[in-house]
There are 2 protein chains.
Amino acid sequence: MLLAERQNYILEQLNTKGRVSATDLANELAVSEDTVRRDLNKLSDMKLLRRVHGGALPLQLEVPDYADRLEKRNPNKQKLAREAVKYIEPNQTIMLNSGETCRYIAMALPRDLPLTVVSACPLIACELAHHDKIDVILLGGTFFKPALRCLGTIAADMIRKMRFDICFMGLCALHPERGFSAKYIEEAEIMRVTIEQADRTIVMGGHTRLGKVSSHQVVSIHELDLLITNDLAEQTVLDAFGKQGLEIVQIS
Amino acid sequence: MLLAERQNYILEQLNTKGRVSATDLANELAVSEDTVRRDLNKLSDMKLLRRVHGGALPLQLEVPDYADRLEKRNPNKQKLAREAVKYIEPNQTIMLNSGETCRYIAMALPRDLPLTVVSACPLIACELAHHDKIDVILLGGTFFKPALRCLGTIAADMIRKMRFDICFMGLCALHPERGFSAKYIEEAEIMRVTIEQADRTIVMGGHTRLGKVSSHQVVSIHELDLLITNDLAEQTVLDAFGKQGLEIVQIS
DNA sequence: TTTAATCATGCAATATCATGCAACTTGTTT
DNA sequence: AAACAAGTTGCATGATATTGCATGATTAAA
């Protein structure tokens with residue numbers, strides 16, 4: 001058996017079975033595991049497969065890097081996201097609602113944190129396509145372009161059948177009396193349903209979103225659990241939130 | 001034994017056995033290994049075989065196939081997609097199944113063509129986010145990373161409630177007798193459901209996908225309506241498809 | 001945490017390779 | 001017939017590649 005024959009065999013197996021194990025290949029090909037490992041590494045160098053511990057997987061289709069576009073644009077949201085990630089425990093089921101801050105959360109998730117992530121935003125699914133430890137469930141339905149997410153009865157019905165340990169939502173507007181409000185009525189409705197299914201709701205937003213009101217109310221302050229904001233927020237507004245039981249974390 | 005005789009013998013062996021080893025050939029032909037190596041190198045220069053360490057292998061079409069999957073902009077798939085777009089009428093509801101070719105279709109859709117596009121692939125939704133005239137419906141469910149798409153009962157149930165004017169699918173493997181087959185069983189199942197809901201099914205794929213069989217059958221050739229492929233496809237295979245009622249378009 | 005599997009690395013034995021060279025063949029010229 | 005040129009072959013040499021094993025590091029899983 002020639003080296004090139006072995007490599008062909010490996011690629012074939014990968015093509016048909018979807019994965020290969022170094023140990024199994026060593027037995028099938030009657031060579032040492034070292035040799036198989038060297039083959040796998042060479043094929044990996046040639047970009048013909050993806051090497052993983054114990055074997056190899058087929059190359060994933062290329063995912064466009066939406067991350068770049070966000071990376072330089074908004075360090076404030078990135079900071080909010082990095083704080084948000086701290087509240088996640090391993091093996092939880094979390095909802096990343098949509099919006100840029102939630103996408104930053106997806107990007108900030110540690111690569112070794114096992115999770116189930118639910119989202120209505122296809123960008124978030126793409127972002128998580130390379131996370132081995134994260135199962136992604138995407139809500140379906142009508143794709144609503146202004147918010148880059150799915151909405152409608154289909155998505156709502158899916159949500160009603162789920163439960164989330166934590167629901168993360170980027171803020172559009174948060175007001176002490178008028179509560180949490182959003183720009184689009186369809187989005188407001190589905191966010192309300194989402195919050196109902198969550199043990200804990202964490203909202204994130206810079207000081208500019210606080211004390212503001214947008215067109216459609218989602219829920220009152222009481223329904224929310226934690227606000228992550230920056231240190232430019234006005235103390236009077238924060239106090240008003242605090243009195244209604246909303247926990248607050250400020251980052252610098 | 002003349003040089004030309006030896007080389008013929010080598011090519012014959014390659015044809016029948018699928019491989020030759022320099023050492024074995026030297027024994028069989030009763031010449032030194034150096035001579036065999038020189039023969040192999042000459043044949044390799046003439047592009048009649050693929051020289052590898054220890055011997056030689058037949059030229060394979062598989063290799064370029066692996067190679068072109070890597071190209072960032074795959075002009076072959078782009079051409080297939082541009083042809084596919086021609087079959088779409090305004091205001092139709094079309095399904096873009098998933099895979100790179102379908103993504104190229106999404107990119108190739110004219111900006112003034114009103115459509116409803118359904119897909120299980122979040123990348124396609126993102127691609128169409130800026131098309132004003134196109135309504136997008138995204139299938140939900142478990143996000144299956146190897147194929148970058150949603151699968152499972154949720155997606156299947158959504159599909160069963162829909163109807164498509166045209167369903168576009170990138171080919172994994174298409175064989176005259178074994179039909180259309182796919183790599184992953186979950187994907188094969190949902191593709192079958194999808195095709196049932198479509199008035200017309202158009203499959204696309206380069207010549208390397210034809211005459212091949214993959215692990216899981218989707219449907220037989222009869223269930224498909226049109227194949228778009230390139231001009232490198234073997235005529236015998238195409239004829240076999242044609243006899244089963246599959247319309248064929250070849251692009252250059 | 002502990003344990004077992006998997007891995008990277010260096011090493012030595014072997015196999016394969018490229019190169020130069022001399023011997024040989026073949027066909028042609030003198 | 002002898003001389004020659006061009007091509008081919010086998011061998012010697014040193015270079016390079018491949019392989020299995022030993023070692024210790026790293027990773028995955030219990």
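**Salt bridges, burial and the A–B interface**

In this predicted model, A:R163, A:D165 and A:D199 are linked in a network of salt bridges. Local features need pLDDT of at least 70, side-chain atom pairs count only at pLDDT 80 or more, and totals for chains, interfaces and linings use all residues. Residues are numbered from 1 along each chain as its sequence is written, chains are lettered from A and ligands numbered from 1 in the order in which they are written, and side-chain values use heavy atoms, with hydrogens and water left out.

Q: Why is the pair A:R163 and A:D199 called a salt bridge?
A: The term requires a side-chain nitrogen of Lys or Arg within 4 Å of a carboxyl oxygen of Asp or Glu. In A:R163 and A:D199 the closest N and O atoms are 2.7 Å apart, so the pair meets the rule. The pair links distant parts of the chain, 36 residues apart, with A:R163 in the loop between α8 and β9 (164-170) of chain A and A:D199 in strand β12 (residues 198-204) of chain A; helices (H or I, at least four residues) and strands (E, at least two) are DSSP runs, numbered from the N terminus.

Q: What makes A:D199 exposed, and what makes A:R163 partly exposed?
A: Buried means under 20% relative accessible area, exposed over 50%, and partly exposed in between (1.4 Å probe, protein chains only). A:D199 has 51% relative accessibility and therefore counts as exposed, whereas A:R163, at 43%, counts as partly exposed.

Q: How do you know whether B:R6 and B:D39 are buried or exposed?
A: B:R6 has a relative accessible area of 8% and is therefore buried, and B:D39, at 1% relative accessibility, counts as buried too. These two residues form a salt bridge, the closest N and O atoms being 2.6 Å apart, and the pair links helix α1 (residues 3-17) of chain B, which holds B:R6, with helix α3 (residues 33-45) of chain B, which holds B:D39, 33 residues apart.

Q: How do you know that chain A and chain B are in contact?
A: Contact means heavy atoms within 4.5 Å, and 44 residues of chain A are in contact with 44 residues of chain B. The two chains bury about 3400 Å² between them, 63% of it on carbon and sulfur atoms, where buried area is the accessible area (1.4 Å probe) that two parts lose on being put together, summed over both. Across this interface the rule finds one salt bridge, in which the side chains of B:R19 and A:E5 meet (2.6 Å, N to O).

Q: Why are β7(A) and strand β6 (residues 134-138) of chain B called paired?
A: Two strands pair if DSSP finds at least two bridges between them. β7(A) and β6(B) have two bridges, in the antiparallel sense, and therefore reach the cut-off. A:G141 stands opposite B:L138 in β6(B).
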